[in-house]
Every structure is written in C-alpha cells, then in structure tokens.
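Dear colleague,

I am passing on the structure below, together with some notes on what turned up when I went through it. Please read the notes with the coordinates open beside you.

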Amino acid sequence: MANEKTPNERPVTGWLSRFAPGVRKIVSRKDTPDNLWIKDPDTGDMLYRSDLEAALWVTPSGRHMRLNAPQRLKVTFDDGLWEEIATPDVPEDPLKFSDGKPYRDRLSQARKAAGRKDTMAIGVGEIDGVETVVIVQDFSFMGGSLGMAAGEAFVAAAQEAVKRGLPLVCFTAAGGARMQEGALSLMQMARTTLAIQELKAARLPYVVVLTDPTTGGVTASYAMLGDVHLAEPGALIGFAGPRVIEATIREKLPPGFQRAEYLQEKGMVDRVVPRPDLPKTLGQILSMLMDGKRAA
C-alpha cells in the first residue's frame, strides 16, 4: 500500500525514546569546548586550559606561550585594570594590493579572528604602583606585522606618555614589516624612532619587553631603542630568521642562537625575566628611572 512504512521508517518507541531529547541536551557539543585542552608544544602533553591560564600561559616545561593583547595587558597591570587608549585610524589598502587575495579581505579576516582593528593595543595603568603607558603588539593579528596602523599607534602611545609625563613600556611581537603596504610599512621604522626621540627629549623612560618572536623591521627600529631591554625566556629575537641566516652563510648556527638567553649573554638583552616576575621587575625599573626624572 502507498502509506505503508518500511522497517527503516518506523518511529522509535519505548521508554528510551522518551529520555533521548533530554540526554542530547545534557551532552550537547557546546558544553565541551574545543579549546578545553592545550597541547604543550615541547612535550606533547595535554594541559588543562584553566590551569594554563592560572600559570599565565607558561607551561610546566617552561615554554612561554604567546599572549594576545588583552591577555598581556591584564597580566601586566595591577589587578588587571587599565584605561584603554584608542589607536588612530589610517587609510586602508592605499596600494590596492593583492597577493592572490585582496588586502582588504585579509584585513577583514584578521579583524574578525583577533577581535581588534590592528595589531597594536594601548593601555594606561599602574605596574607595581607606577603609572605607565603600555603598548602591546599582538602577534595573533597578521603576525604582529608592522604597518601604518601599528606605526601610528606607537606614535600615539609615545605622545600620550609625553602628554601625561609617564614612562612608556612596549611589548614587541612581530614577524616583520607588512608586505601588503610596501614602502609605507618601512617608513614606520623612521616614524617610531622619531617618537622615541620625543620621549628622550622629555626625559621619560622607554622600556622594551621582547617576546616571542620579535624579528624584522621591528627589531631594526623601536624594539632595540629602549633605555632597558627585557625579554621573556626562550623568545626568538633577531632580524632575519635562523634558517635564512644558515642558508645565506651556509654554516650551522650555535645552539640557542637568537634566543633571549643567548642575546643576554652577548649583551643585546639586559635581563631575561619569567612572565610572573615581569610586573614587579618593570615596577622596580620604572620607579628608579622616574625618581631620577622627578629629581632632575
């Protein structure tokens, strides 16, 4: 008959069918987030996310995992409190660049993924009791690449520090200049250098904290112009990457080359500081430098 159901079409009946909808709600996928566990990149161990957050994203093996801008500001300022300073707007895609995908589309995708309009974030608050302007480079936004927006934000942070008479701390993390902006991105190296000169003219401290990775044009400009240079353990710091250097000179580089500890040994970094100790260390340094400023 036309309305006769085949065995596969018969409705499920019985006591178990009455509980099925409720069971599905209890064990729904949204109750088990995909990022509940994080893999340790060094040991391969699975780490519980909440434990890793409590440890400031430092793994048991000592790996200092990368932080985005809000995370960095939260762990740096006292009680995780700060005043956000808006970053300036800049022309988008002035070169109408495309590398197989329009630059405007790449920007839109990066903004959606990172939840911010570009790589830099600026905050004002206290670090171990010392009021400070902090600018953070977020590697999760297009590899922290230095473009017009990043350069303009750095200049704005330096000018805010001068206006308020406060020190400036910069957390660097970058893969280099943003190729989609061509020479306009390279111009930011000079612009940020001039902004640092304004800080020096005002006798205000500028402290750099080098995080993993800090490379390219950032290393060749504001990352290496601080009064004091701190670094997180194991951070990769250099201009060109080690593989590029090895391919160029055709020699094997020494162990730990371009890592924070190696650079401290060679005098490029003043001190390697574990993440939990950074606020107190920064507070001590800034307090000493600002007391000298106030005395002068």
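The side chain of Asp138 reaches the backbone nitrogen of Ala69, at 3.0 Å; please keep in mind throughout that this is a predicted model. Asp138 is placed in the loop that runs between strand E5 (130-137) and helix H5 (148-164). The residue is buried yet has no salt bridge, because such a bridge would need a side-chain nitrogen of Lys or Arg within 4 Å of a carboxyl oxygen, and the nearest side chain of opposite charge, that of Arg116, is 4.3 Å away. Apart from its neighbours within four places in sequence, Asp138 is in contact with Leu67, Asn68, Ala69, Pro70, Arg116, Thr119 and Gly144.

Together, E5, H5 and E6 form a right-handed β-α-β unit. A further right-handed β-α-β unit is made by E6, helix H6 (residues 182-201) and E7, where E6 and strand E7 (residues 206-214) pair in the parallel sense over six bridges, and Phe171 has Val209 in E7 as its bridge partner.

As for E6 itself (residues 168-174), seven of its seven residues are buried. In a regular strand the side chains alternate between the two faces of the sheet. In E6 both faces are covered, with Leu168, Cys170, Thr172 and Ala174 buried on one side and Val169, Phe171 and Ala173 buried on the other.

Best regards

Note on methods. Residues are numbered from 1 along each chain as its sequence is written. This is a predicted model: local features need pLDDT of at least 70, side-chain atom pairs count only at pLDDT 80 or more; totals for chains, interfaces and linings use all residues. Side-chain values use heavy atoms; hydrogens and water are left out. Helices (H or I, at least four residues) and strands (E, at least two) are DSSP runs, numbered from the N terminus. Buried means under 20% relative accessible area, exposed over 50%, partly exposed in between (1.4 Å probe, protein chains only). Lys and Arg count as positive and Asp and Glu as negative; His and the chain ends are not counted. A polar contact is a pair of N or O atoms within 3.5 Å; within protein, one must be able to donate a hydrogen and the other to accept it, and residues adjacent in sequence count only if both atoms are side-chain atoms. Contact means heavy atoms within 4.5 Å. A crossover is right-handed if, with the strands pointing away from the viewer, the path from the first strand over the helix to the second runs clockwise. Two strands pair if DSSP finds at least two bridges between them.
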